[in-house]
Amino acid sequence: MGILNRRRWLEGIGAAFLAGRTPPRAFARGGDGDANRADKMSLELSEFQPKSMLHVPETKVARSRFPVIDLHTHLSRGAESKDGVSLGEKMQFLAPPEELLRVMDRKNIRTMVNLTGGVGAGLEETIRRYQTPYPDRFLVFTEPWWGRVNEPGYGKFQADEIERAQRAGARGLKILKTLGLYLREGITSGPLVKVDDRRFDPMWEACGGLNLPVAIHVSDPEAFFLPIDRFNERFEELNNHPDWSFYGKDFPSNAELLEARNRVFARHPKTQFIALHVGNNAENLAYVSECMDRFPNLHVELGARIGELGRQPRAARKFFDRYQDRILFGTDAVPHGVETPQQVFGDNLYEIYYRFLETEDEYFDYAPAPVPPQGRWRIYGLGLSETILRKVYYENAARLLGVKV
Ligand SMILES: [Zn+2]
């Protein structure tokens with residue numbers, strides 16, 4: 001369909017809707033000239049699983065070219081939570097280390113960083129299970145005590161807890177999107193607590209002083225802040241998980257959240273921040289680049305965003321060239337589960353990441369799933385140089401974490 005025809009066609013639809021009439025045949029039937037065919041099939045979008053007919057190389061990358069530090073995994077999580085806020089010290093463990101090590105050895109994963117290590121006694125148990133028996137293979141981060149932010153003296157308490165966590169073995173701090181999107185003044189009620197709330201200043205400072213990097217997730221994909229309708233490119237994903245939508249209610253905009261986060265980066269220049277999911281704005285690499293230029297203490301990680309990077313391979317390639325010293329490998333892997341195929345820990349997941357980073361293969365799935373789970377598109381490999389691969393796979397992370405590979 002030519003541009004002019006398409007415009008007339010769209011105008012036709014609009015006019016018909018405004019007039020309250022049935023849309024023109026072209027809309028109802030596809031406008032392919034056989035509008036009167038009675039036997040035309042209809043197909044539910046969810047059942048559409050087109051197989052690509054492209055004949056292009058398919059490279060299997062069973063092992064990464066260099067050892068990997070997966071900076072972003074979830075091997076444990078808080079056992080109790082309410083309205084998106086993790087409460088208390090009790091932890092849930094998703095897989096024993098021995099089970100994970102089998103995949104890690106096959107895939108050349110030297111170390112997995114378990115970001116959601118918990119707090120207090122829970123943190124100690126997480127460290128005992130993973131890091132103590134395998135100190136080269138698993139590292140554990142701690143988290144804030146979200147349930148106590150409205151208690152007097154929280155700022156000092158939280159800063160002290162960071163120090164205590166480090167003594168217990170924690171290697172960094174993880175901030176979930178709880179901050180900005182779930183945590184409220186009354187913990188689960190009242191107004192949302194702002195990302196740059198002053199109560200957290202002592203915590204950010206403590207991390208800087210103790211050389212503990214902060215892995216921070218603020219906001220979410222832009223489409224999660226838009227109505228769940230036929231114009232939303234992540235319609236199916238949001239339709240499957242309506243609770244992931246931050247459209248309306250009292251939620252701040254995506255831009256407001258990111259700007260509040262940036263004020264934190266600016267206020268704590270000695271603290272090293274790793275903004276997860278490509279700075280949480282992989283759809284807008286120009287914006288992420290601006291942030292990287294403004295904040296030398298900012299690093300990004302790739303978890304669950306190769307779908308975004310891989311659909312803009314030329315811009316992504318430039319981004320890797322430019323910021324090669326501050327990009328970290330991560331997957332957001334979670335052992336077991338079926339809800340989010342782009343995150344299920346296993347051989348398939350890592351092979352896709354390696355293929356994306358190492359090869360120039362074209363038009364392949366970014367997740368091991370029959371339908372691309374984050375949006376109906378496919379990706380293109382970046383074919384990064386050995387120098388950049390080495391940095392992204394482990395060197396940058398090793399430097400931040402203070403480990404030797
Ligand atoms: Zn994550």
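This is a predicted model: local features need pLDDT of at least 70, side-chain atom pairs count only at pLDDT 80 or more; totals for chains, interfaces and linings use all residues.
Visitor: Which element holds Val214?

Guide: Val214 belongs to strand 7, which covers residues 214-216.

Visitor: And what is Val214 in contact with, leaving aside its neighbours within four places in sequence?

Guide: The contacts of Val214 beyond those neighbours are Leu173, Ile175, Trp204, Cys207, Thr271, Gln272, Phe273 and Ile274.

Visitor: How do the strands of the open sheet follow one another?

Guide: Five strands form this open sheet, with parallel pairing and the order 6-7-8-9-10. At its edges are strand 6 (173-175) and strand 10 (327-328), each of which pairs on one side only.

Visitor: How many bridges link strand 8 and strand 9?

Guide: Three bridges join strand 8 (residues 273-275) to strand 9 (residues 298-301) in the parallel sense. Ala275 has Val300 of strand 9 as its bridge partner.

Visitor: Turning to pockets, what is the volume of the largest pocket?

Guide: The largest pocket has a volume of about 1,200 Å³. Its lining has 41 residues, and Arg77, Leu176, Lys177, Trp244 and Gln343 lie nearest the centre.

Visitor: Which strand supplies the largest share of that lining?

Guide: Strand 2 does, with four residues. By class, the lining of the largest pocket comprises 12 nonpolar, 18 polar and 11 charged residues.

Visitor: What about the second largest pocket: which residues lie nearest its centre?

Guide: Glu58, Tyr363, Phe364, Asp365 and Arg378 lie nearest the centre, from a lining of 21 residues. The volume of the second largest pocket is about 370 Å³, and its lining has 11 nonpolar, three polar and seven charged residues.

Technical notes. Residues are numbered from 1 along each chain as its sequence is written. Side-chain values use heavy atoms; hydrogens and water are left out. Helices (H or I, at least four residues) and strands (E, at least two) are DSSP runs, numbered from the N terminus. Contact means heavy atoms within 4.5 Å. Two strands pair if DSSP finds at least two bridges between them. On a 1 Å grid over the protein atoms alone, a cavity is a set of points where a 1.4 Å probe fits but cannot get out, and a pocket is an open set with protein on both sides within 12 Å along at least five of seven lines; lining residues have an atom within 4 Å of a point. Grid points are joined across faces, edges and corners, and a volume is the space filled by probe spheres set on the points. Ala, Val, Leu, Ile, Met, Phe, Trp, Tyr, Cys and Pro count as nonpolar, Asp, Glu, Lys and Arg as charged, and the others, Gly among them, as polar.
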